[in-house]
Amino acid sequence: MQSPTRLTKIGVFYDGNFLLHTSNYYNYIHPQKRRLSIGGIHRFLCKKVAALDGVSESLCRVTEAHYFRGRLNASEAAQRGNQLYNDRVFDDILMSEGVQTHYLPLRNLFGRKEERGVDVWLSLEAFELSIMRGLDVVVLVASDTDYVPLVRKLVCRGVRVFLMSWEFEYTNEDGNKIVTRTSHELTNVATVTLPMHDIIEAGFESSDCVINDMFVSDSKNNAFSSQQKKERSDILSLKNGYGFIRYPNNNLFFHYQNVIGDFTELKVGDTVEFVIDKNAEGQDIAKSVRKVDDSLDEFDNWDSESDSILKDMDI
């Protein structure tokens, strides 16, 4: 237990790919349909450490927060619809919460983009900062066994390691079962393991405001969606309950639940309007798919132009 007057310094280190996967799960699969909030996570951690140490919450502060992830270069991201915009929006969110970003370029491996070196970089930064900044608690938002040596080194230095772990599973649009598990080796070496899947479910059942605060509000979720650029293309193929829209460089999947209107009225070759979003695996998909009525198209264009003029006139 810390001295009742001594500040407990908390460092949070995010494996960005794991955080994105988990946030996508809550946004697209879980009944909450909301993303995780970085600020809410930090406030939850301060409350948790304060409660365990029996001290005032004001004496527990996140003094370091770092986010690590592989990322496409600007040219490749520009070819993926709203990817550049979405990357910038998320950077703004991290910056507003005082989170420092660390990006490595994604590498081509047998025709696929893969992360390389993110776990090593995170481990080196976490260990070095624990020494330089005198961190009392290091929080890992990660799931891989690769972080076990880091945790062991930190514990040997007397640094408490809190592991935010998640376990969940679901079936994706292709009928494949997706299972997410945190390494048991990692949970065994951590000082404190926080089973967030259980903590969150219990919090929702008891209407815990701390848990609710860990998710962005519906208004912010809707605001983000409304800012997404609308795209247009034609339907390439239709199957039983889903289809594909022609779009470079990879055609976009869409599900009947993401169609505005009647899915059964769509035909191959129809022009549709849509926004590009991510599924739970981080892949680009089409959402808010709406068939474009050519007879109303000219009116829609005039309407958007007139709205712009009225805004310029402050009307």
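Reply: What follows starts with the cavity and then moves out to the rest of the chain.

The model is predicted. How many cavities of 30 Å³ or more does a search of the whole structure find? The search returns 1. Rolling a probe the size of a water molecule over the atoms shows where empty space is left. The volume of the largest cavity comes to about 40 Å³.

Which residues line the largest cavity? The lining consists of Arg80, Asn82, Gln83, Asn86, Ile276, Asp277, Lys278 and Asp284. By class, that lining holds 4 charged residues, 3 polar ones and 1 nonpolar one. Two elements each supply at least two lining residues: helix 4 (83–96) and strand 14 (271–278). Strand 14 gives the largest share, with 3 residues.

Now the setting. The protein has 11 helices and 15 strands. It has 315 residues, and 43% of them are buried. Take the contacts with a separation of 6 or more: 67% of these join residues 24 or more positions apart.

Two single residues illustrate such links along the chain. Start with Arg69, which sits in strand 2 (residues 60–71). Is Arg69 buried, partly exposed or exposed? Its relative accessibility is 22%, so Arg69 counts as partly exposed. Buried would require a value under 20%. Arg69 and His102 are 33 residues apart along the chain, yet their C-alpha atoms are separated by 6.6 Å. Sequence neighbours within four places aside, Arg69 is in contact with Gly16, Asn17, Leu20, His102, Tyr103, Leu104, Glu115 and Val118.

Next, Ile41, in helix 2 (residues 38–53). Ile41 has 0% relative accessibility and therefore counts as buried. With neighbours within four places in sequence left out, Ile41 is in contact with Tyr14, Leu19, Leu36, Met164 and Met214. In sequence, 169 residues separate Ile41 from Val210. In space, the C-alpha to C-alpha distance of Ile41 and Val210 is 9.2 Å.

Helix packing comes next. Two packed helices are described by the angle between their axes and the distance between the axes. Consider helix 5 (residues 118–132) and helix 6 (residues 148–156). Their axes come within 10 Å and cross at roughly 5 degrees. Helix 5 is therefore roughly parallel to helix 6. Helix 5 brings Leu122, Ser123, Ala126, Phe127 and Ser130 to the contact. Helix 6 brings Leu150, Lys153 and Leu154. The residues of this contact divide into 5 nonpolar, 2 polar and 1 charged.

Last, the backbone. Most residues other than glycine have a negative phi, and most peptide bonds are trans. Ser207 is not a glycine, yet has a positive phi of about 55 degrees. Where does Ser207 lie? Ser207 belongs to the loop between helix 8 (196–205) and helix 9 (209–212). Its relative accessible area is 63%, so Ser207 is exposed.

Ser288 also is not a glycine, and has a positive phi of about 50 degrees. Ser288 is placed in strand 15 (residues 284–291). With a relative accessible area of 39%, Ser288 is partly exposed.

Back to the part you asked about. The largest cavity has a volume of about 40 Å³, and its lining includes 4 charged residues.

Notes:
Residues are numbered from 1 along each chain as its sequence is written. This is a predicted model: local features need pLDDT of at least 70, side-chain atom pairs count only at pLDDT 80 or more; totals for chains, interfaces and linings use all residues. Side-chain values use heavy atoms; hydrogens and water are left out. Axes are lines fitted to C-alpha atoms, for helices over the stretch in contact, and angles run from 0 to 180 degrees between N-to-C directions. Helices (H or I, at least four residues) and strands (E, at least two) are DSSP runs, numbered from the N terminus. Angles under 35 degrees count as roughly parallel, over 145 as roughly antiparallel, 65 to 115 as roughly perpendicular and the rest as oblique. Contact means heavy atoms within 4.5 Å. Ala, Val, Leu, Ile, Met, Phe, Trp, Tyr, Cys and Pro count as nonpolar, Asp, Glu, Lys and Arg as charged, and the others, Gly among them, as polar. Buried means under 20% relative accessible area, exposed over 50%, partly exposed in between (1.4 Å probe, protein chains only). On a 1 Å grid over the protein atoms alone, a cavity is a set of points where a 1.4 Å probe fits but cannot get out, and a pocket is an open set with protein on both sides within 12 Å along at least five of seven lines; lining residues have an atom within 4 Å of a point. Grid points are joined across faces, edges and corners, and a volume is the space filled by probe spheres set on the points.
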